[in-house]
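Reader: I would like to go through some labels used for this model and ask what stands behind each of them.

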Amino acid sequence: MLEIKDISIIFNEGTVDEKKALNHINLHLETGDFVTVIGSNGAGKSTLMNVIAGHLFPDVGDVMINGKQVAHLPEYKRSRFIGRVFQDPMAGTAPSMTIEENLAMAYSRNKKRRLTFGVNKNRRAMFRDYLTTLNLGLEDRLTAKVGLLSGGERQALSLLMTTFTNPDILLLDEHTAALDPSRAELITELTKDVVSKAGLTTLMVTHNMQQALDLGNRIIMMDKGQIIFEASGAAKQKLTVKDLLNEFQRIRGEQFEDDRAVLG
């Protein structure tokens with residue numbers, strides 16, 4: 001479903017601030033894979049997400065989605081088959097619009113544009129059914145402005161809006177990092193449930209090593225723009241946070257320095 005071939009991208013090339021953000025990255029996701037990505041600040045995790053989403057174009061390399069070359073397809077065109085949930089709960093929704101208006105806008109994302117009502121009786125009933133699965137009572141607040149929701153409620157809504165059209169690729173960009181622990185746990189469980197039920201091909205970036213171990217069937221570790229470690233299946237299930245830290249030290253010859261990843 002997703003294939004990254006020899007992707008490299010350099011920022012500020014030829015200057016004293018030159019940085020290899022991605023250095024010959026290769027990654028392959030089969031349909032239904034749920035891959036978690038960990039690494040310290042500056043490892044290249046967000047850059048990888050931006051290249052897949054079309055927010056950044058690689059200097060060299062290919063991005064294939066469902067067998068199609070998309071490396072230089074703009075972000076707005078990729079949004080028809082890529083869904084993304086951001087770290088900031090404010091980023092994935094329109095606060096001045098109602099819940100049902102936000103849902104209607106997301107529902108039309110991968111459909112042909114036409115002059116018709118975004119919200120009608122049938123869609124409203126469908127939206128209510130989808131919202132019921134969140135167990136947050138939002139199905140009874142369809143006409144409420146999204147800006148009045150809490151951060152956790154908005155992130156839950158963003159997750160629902162991104163996934164109910166079944167995108168080919170789901171990108172989760174540290175989507176629980178800005179939430180308090182209880183809300184982060186709620187969104188983590190919702191993520192597990194939504195991805196599992198829809199069988200979505202998912203790539204999730206996180207600073208939290210334990211979350212990366214708890215979710216998905218594969219895990220990759222990035223450092224300095226490279227993938228330095230990968231585990232899947234039974235091997236992943238046996239891993240602990242301590243194992244990941246030991247692997248990093250074995251490969252890089254130094255300790256992992258990001259406390260957020262260790263402490264969650």
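Author: Two strands count as paired if DSSP finds at least two bridges between them. The model is a predicted one.

Reader: What makes strand 3 and strand 9 a pair?

Author: Four bridges join strand 3 to strand 9 (residues 218-223), and the cut-off is at least two. The two strands run parallel, and V37 stands opposite I220 in strand 9.

Reader: How do you know that strand 3 pairs with strand 8?

Author: By the count of bridges: four of them join strand 3 to strand 8 (residues 202-205), and these strands also run parallel. Here T36 is the residue opposite M204.

Reader: Why is strand 3 called largely enclosed?

Author: Buried means under 20% relative accessible area. Five of the five residues of strand 3 (residues 34-38) are buried, so the rest of the structure largely encloses the strand. F34, T36 and I38 point one way, V35 and V37 point the other way, and all are buried.

Reader: Why are helix 3 and helix 5 called roughly parallel?

Author: Helix 3 (residues 99-107) and helix 5 (residues 151-163) pack at about 30°, with axes 9 Å apart. Angles under 35 degrees count as roughly parallel, and the two helices are therefore given that label. Their crossing is right-handed.

Reader: Which residues make the contact, and of what class are they?

Author: Helix 3 contributes I99, N102, L103 and A106, and helix 5 contributes L157, L160 and M161. By class, six residues are nonpolar, one is polar and none is charged.

Conventions. Residues numbered from 1 in each chain as written. Predicted model: local features only at pLDDT ≥ 70, side-chain atom pairs only at ≥ 80, totals over all residues. Heavy atoms only, no water. Axes fitted to C-alpha atoms, helices over the stretch in contact; angles between N-to-C directions. Parallel < 35°, antiparallel > 145°, perpendicular 65-115°, else oblique. Left-handed = near helix turned anticlockwise from the far one by under 90°. Contact = heavy atoms within 4.5 Å. Nonpolar A, V, L, I, M, F, W, Y, C, P; charged D, E, K, R; others polar. Buried < 20%, exposed > 50% of the residue type's maximum accessible area, 1.4 Å probe, protein only.
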